[in-house]
Amino acid sequence: MLRLEQREQTAEEMYGIPENFLEIEIRNPQTHGFGSKMFTDYEVVCRTNIPAFRFKTSCVRRRYSDFEWLRDMLERENPRVSLPSLPGKVFTNRFSEDVIETRRIGLERFIQNVAGHPLLQTGSKVLAAFIQDANFTKESYSHLF
């Protein structure tokens with residue numbers, strides 16, 4: 001029988017920066033506009049050392065409709081990957097604090113799952129740009145599909 005030697009972890013192993021890490025947070029929702037032109041956008045904050053991402057840290061703003069577009073593009077790019085769902089559309093009280101917070105949590109869960117998927121990290125033409133490019137527009141990437 002093979003017996004593995006056990007040893008205690010060093011402080012560096014316990015508390016050092018992991019070999020590969022990816023942290024994405026959705027925060028600071030802001031509502032803009034008036035009447036039928038109102039919308040809410042969210043900060044997408046990323047910290048990583050994964051080479052597929054151009055910047056170690058980034059912060060961009062995205063709307064719910066941008067996340068819908070991203071999900072559609074990822075589905076087209078990777079039809080065999082099962083993508084998580086987005087939080088549902090809201091038609092009443094969509095600018096209330098509770099609705100915005102519930103949506104923020106759902107968007108964060110979605111983007112963390114998607115960005116953490118190894119095939120999407122390395123194989124997507126749009127994922128890293130969506131998360132990190134401050135000049136990102138849907139139009140600038142739609143032609144790829």
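Predicted model: local features only at pLDDT ≥ 70, side-chain atom pairs only at ≥ 80, totals over all residues.
Biologist: Hi! How many helices and strands are there in the chain?
Modeller: There are 6 helices and 3 strands. Along the sequence they follow the pattern α-β-β-β-α-α-α-α-α.

Biologist: Nice. Where is the place of Thr40?
Modeller: Thr40 sits in strand 2, which runs over residues 39-48.

Biologist: Is Thr40 buried or exposed?
Modeller: Thr40 counts as buried because its relative accessible area is 10%, and the cut-off for buried is under 20%. Strand 2 is mostly covered too, with 8 of its 10 residues buried.

Biologist: What does the side chain of Thr40 join in a polar contact?
Modeller: That would be the side chain of Thr31, at 2.9 Å. Leaving aside neighbours within four places in sequence, Thr40 also has Arg63, Tyr64, Phe95 and Ile100 among its contacts.

Biologist: Okay, on to pairing. In which sense do strand 1 and strand 2 pair?
Modeller: Antiparallel, over 9 bridges, with strand 1 covering residues 22-32. Glu25 stands opposite Val45 of strand 2.

Biologist: And what about the hairpin of strand 1 and strand 2?
Modeller: The hairpin has 6 residues between the strands, and Gly33 takes a positive phi near 85 degrees there.

Biologist: How many bridges are there between strand 2 and strand 3?
Modeller: There are 7, again in the antiparallel sense, and strand 3 spans residues 57-63. Tyr42 has Arg62 in strand 3 as its bridge partner.

Biologist: Last one, for the chain as a whole: how much counts as buried?
Modeller: Of its 145 residues, 35% are buried. The accessible surface comes to about 9,900 Å², and 50% of that belongs to carbon and sulfur atoms.

How values were computed
Residues numbered from 1 in each chain as written. Heavy atoms only, no water. Helix = DSSP H or I, 4+ residues; strand = E, 2+ residues; numbered from the N terminus. Buried < 20%, exposed > 50% of the residue type's maximum accessible area, 1.4 Å probe, protein only. Polar contact = N/O pair within 3.5 Å; in protein donor to acceptor, adjacent residues only side chain to side chain. Contact = heavy atoms within 4.5 Å. Areas by Shrake-Rupley, 256 points an atom, 1.4 Å probe, with all protein chains shown as cover. Pairing = 2+ DSSP bridges.
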